[in-house]
Amino acid sequence: MSRTALIAGNWKLHKDHQEAIHLVSDLGLRLKQLELGAVEVAVHPPFTDLRTVQSIVEGDKLPISLGAQHVSHHEKGAFTGEVSVAMLAKLQTRYVLVGHSERRTLFAMDDATVQATAKAVIQAGMVAVICVGESAEEREAGQTNDVLSRQVLAALSGLPNNAADAIVLAYEPVWAIGSGAAATAEDAQLAANHLRGVVASVLGTASANEVRVLYGGSVQPGNTEELLRGEDVDGVLVGGASLDAATFSEIVAAAVRCYG
Ligand code: PGA
């Protein structure tokens, strides 16, 4: 596969900066024992941990990319509680999750804000990990592909044509997140393939072949290899199982067996 696989850990609202020191140091030691080859590893800690994690990653030369979970689409100004893309870029943040379903459902992030945020992330020189996925009701109503198309088309509108290396798509069916019920490898591949087709319709086939598509939702060491077998699935976005260094590095090891 010419696309570099990405194994990303989304810590959500877990780990203060001291716990982050332990987790990322432990993870770094474990990753150094693996031949990562064509597998990239990223962590997305809470904002208060970013500076700490950045210092450890740089100081100890850990094979870990820094990610954030969210960012404002505003550049600066009177937006109490927000963090800007410039602030993240200054910390060598490489990836930013955009439109995670928890942001969409719990914090009313709509498609237009997802689009504006992705654009701001890319303009700041970082990579937008655009999260999309259908709810259980939408799946039951047979609307999965329609929902995915709508979400991706909205997110990509207004992005430059050469944005392929500045975006990653994460297919995260809402019903699979934190539920213990991951999508089947077949469903993950079907959705990833559909997403790549939507990207092709906007950015062209060559770009679509460059864009990495991840699967997320109840990923565990035991289901990683199967999920990664789909030819359009280029990695995983991991929530709960990324909070423990041993478990997360087992997921990375599974990816190394697939792509390394
Ligand atoms: P989970 O979360 O692995 O705990 O299901 C995935 C995510 O929300 O990114």
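Predicted model: local features only at pLDDT ≥ 70, side-chain atom pairs only at ≥ 80, totals over all residues.
I started with Glu 102, which is partly exposed because its relative accessibility is 25%; buried means under 20% relative accessible area, exposed over 50%, and partly exposed in between (1.4 Å probe, protein chains only). Residues are numbered from 1 along each chain as its sequence is written, and side-chain values use heavy atoms, with hydrogens and water left out.

**Entry: around Glu 102**

I placed Glu 102 in helix H4, residues 101-106. Helices (H or I, at least four residues) and strands (E, at least two) are DSSP runs numbered from the N terminus. Which residues does Glu 102 contact, leaving aside neighbours within four places in sequence? I found Lys 12, Phe 107 and Ile 177, with contact meaning heavy atoms within 4.5 Å. With Lys 12 there is also a side-chain to side-chain polar contact at 2.8 Å. A polar contact is a pair of N or O atoms within 3.5 Å; within protein, one must be able to donate a hydrogen and the other to accept it, and residues adjacent in sequence count only if both atoms are side-chain atoms. I also checked Val 211, 109 residues from Glu 102 along the chain, and the two C-alpha atoms are 23 Å apart.

**Entry: Lys 12 and Lys 15**

Lys 12 sits in the loop between strand S1 (5-10) and helix H1 (17-32). Its phi is near 50°, positive in a residue other than glycine. I noted Lys 15 in the loop between S1 and H1 too, with a positive phi near 80°. Most residues other than glycine have a negative phi. Lys 15 counts as partly exposed because its relative accessibility is 27%.

**Entry: the ligand**

How many residues surround the ligand? I got 13, and the closest are Lys 12, His 100, Glu 172, Gly 178 and Ser 218; the cut-off is a heavy atom within 4 Å. By class, that shell has 4 nonpolar, 7 polar and 2 charged residues. A polar side-chain atom of Glu 172 lies at 2.7 Å, a polar backbone atom of Gly 178 at 2.6 Å, and a polar backbone atom of Gly 240 at 2.9 Å. Taken alone the ligand exposes 280 Å², and the protein buries 94% of that; these areas come from the Shrake-Rupley method with a 1.4 Å probe.

**Entry: the cores**

The largest nonpolar core has 75 residues, and Ile 130, Ile 167 and Tyr 215 have the most contacts inside it. Such a core is a set of buried Ala, Val, Leu, Ile, Met, Phe, Trp, Tyr and Cys residues joined through side-chain atoms within 4.5 Å. A second, separate core of 12 residues includes Tyr 95, Cys 131, Leu 214 and Leu 237.

**Entry: His 70**

Is His 70 buried or exposed? It is buried, because its relative accessible area is 13%. I found His 70 in the loop between strand S3 (65-68) and helix H3 (85-90). Beyond four places in sequence, His 70 touches residues including Phe 47, Glu 82, Arg 103 and Met 109.

Notes
Nonpolar A, V, L, I, M, F, W, Y, C, P; charged D, E, K, R; others polar.
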